[in-house]
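Please keep the sequence and the three-dimensional view at hand while reading.

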Amino acid sequence: MTIILGLESSCDETAAALVSDDRCVLAHRVAGQEAEHRPYGGVVPEIAARAHAEALTPLIEAVFRDAGLSLGQVDAIAATAGPGLIGGVMVGLVTGKALAHAVRKPLIAVNHLEGHALSPRLTAPELAFPYLLLLVSGGHCQLLRVEGVGRYRRLATTIDDAAGEAFDKTAKLLGLGFPGGPAVEQAALRGDPKAVPLPRPLKGSAEPHFSFAGLKSAVMRAQQSGHYSVEDIAASFSAAVVDCLVDRTARALESSEGVTALVVAGGVAANGAVRAALQALAENNGIPFIAPPLWLCTDNAAMIGWAGAERFALGLVDGMDVPARPRWPLDPEGEKVRGAGVKA
Ligand code: KG4
Ligand code: ZN
């Protein structure tokens with residue numbers, strides 16, 4: 001059995017996990033930074049980096065305690081090397097390098113997006129390549145054909161905001177606080193999804209790309225009009241996002257011959273309405289729908305450890321000179337899209 005220590009620190013969650021190649025999460029811990037960032041209504045990079053530096057070592061000690069293992073018993077150390085907020089990424093990667101050097105074990109530099117992309121295979125052993133992945137997080141909104149470990153073909157991306165970013169901005173506008181996704185989801189459950197007429201940007205367009213900036217502006221106008229309750233705006237916004245995600249994913253499915261499953265990953269995959277709508281889409285297309293459990297959707301280190309295990313099995317390890325990368329596309333060949341500003 002191979003055991004990998006996974007480390008994650010690319011945004012506002014510090015996490016450590018011990019994962020084995022037979023799909024056991026031996027221990028995993030996540031420390032959020034909501035309290036530190038809440039006064040600013042969003043993630044402040046400098047505050048995040050300092051919080052990672054404080055939290056990471058105690059978390060690593062804790063997962064070894066939880067699992068009853070010692071550092072000498074791991075076979076490799078996998079750390080997120082990007083994309084993300086560079087200060088935080090450096091904290092995790094440098095820690096990973098130091099530990100790997102200390103016990104003379106290989107280092108695996110994991111792309112955070114690959115962590116999300118392969119995470120469904122940790123809990124669904126039957127999930128085989130190639131699969132169509134909707135990767136929806138705070139920084140990314142992409143459709144990818146996952147052909148193998150390290151082999152990703154990007155079919156679509158957002159031309160402006162990511163879906164999670166839209167949830168976070170809507171939450172801020174509606175005074176629902178931070179982090180926004182879960183707060184908007186809760187408010188939406190008490191509202192009428194048909195109450196506010198909102199646009200579905202790019203719905204029906206030929207390429208399966210996404211756009212959420214216009215939706216965000218429409219939410220702002222609805223809120224400023226004073227005609228609608230927070231719950232109705234939240235419900236109408238969620239319905240619009242779900243519609244867009246489903247329409248764009250359906251378009252990508254049309255051109256994705258031979259995929260074994262429709263898979264969703266990333267923080268927005270924790271949303272119940274998103275999961276239900278994608279499940280129905282998969283059923284209509286006669287393919288299985290696979291979504292990781294909620295704790296594996298939002299940022300965590302088990303997915304980094306698991307991606308590390310998948311890479312390790314193929315002999316894909318990295319040197320001590322591997323850099324921390326603020327930007328790191330999964331598919332470097334992915335065409336540049338009009339207006340696409342890839343957020344860290
Ligand atoms: O994957 P993740 O933890 O971090 C990034 O890599 O970005 O995703 C975080 C994003 C945030 O924008 C958050 O608001 C969103 O995922 N999110 C949700 C839900 N839980 C988290 N969005 C909608 N509904 C949720 N339940
Ligand atoms: Zn993420």
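## Aromatic pairs

At 0% relative accessibility, Phe 212 counts as buried, a term that stands for under 20% relative accessible area, with exposed meaning over 50% and partly exposed in between (1.4 Å probe, protein chains only). Phe 210 is buried as well, at 1% relative accessibility. The structure is a predicted model, in which local features need pLDDT of at least 70, side-chain atom pairs count only at pLDDT 80 or more, and totals for chains, interfaces and linings use all residues. Residues are numbered from 1 along each chain as its sequence is written, chains are lettered from A and ligands numbered from 1 in the order in which they are written, and side-chain values use heavy atoms, with hydrogens and water left out.

The structure holds three aromatic pairs; rings of Phe, Tyr and Trp (its six-membered ring) pair if their centres lie within 6.5 Å, and planes under 30 degrees apart count as stacked, over 60 as edge-to-face and the rest as tilted. One of these pairs joins Phe 167 and Phe 237, which is edge-to-face because the ring centres are 5.1 Å apart and the planes stand at 85 degrees. This pair links distant parts of the chain, 70 residues apart: Phe 167 is in helix α5 (residues 163-173) and Phe 237 in helix α8 (residues 230-254). Phe 167 is buried at a relative accessible area of 3%, and Phe 237 is buried at 0%. Phe 210 and Phe 212 form a stacked pair, with 6.3 Å from centre to centre and 15 degrees between the planes.

His 112, in helix α4 (residues 112-123), and Asp 299, in the loop between α10 (294-297) and α11 (302-313), are 187 residues apart and link distant parts of the chain. Both His 112 and Asp 299 are buried.

## Arg 23 and Ser 20

Arg 23 lies in the loop between β2 (13-20) and β3 (25-32) and is partly exposed, at 27% relative accessibility. Leaving aside neighbours within four places in sequence, Arg 23 is in contact (heavy atoms within 4.5 Å) with Arg 121, Leu 122, Pro 125 and Trp 306. Arg 23 and Trp 306 are 283 residues apart in sequence, yet 7.7 Å apart in space, C-alpha to C-alpha. A polar atom of the Arg 23 side chain lies 2.6 Å from the backbone oxygen of Arg 121.

Ser 20 is in strand β2 and is buried, with a relative accessible area of 0%. Residues up to four places away aside, Ser 20 touches Met 1, Thr 2, Ile 3, Leu 26 and Trp 306.

## The chain as a whole

The secondary structure comes to eleven helices and ten strands; helices (H or I, at least four residues) and strands (E, at least two) are DSSP runs, numbered from the N terminus. Of the 344 residues of the chain, 54% count as buried. The C-alpha atoms fill a box of roughly 60 × 45 × 35 Å, taken along the principal axes.

How values were computed
Polar contact = N/O pair within 3.5 Å; in protein donor to acceptor, adjacent residues only side chain to side chain.
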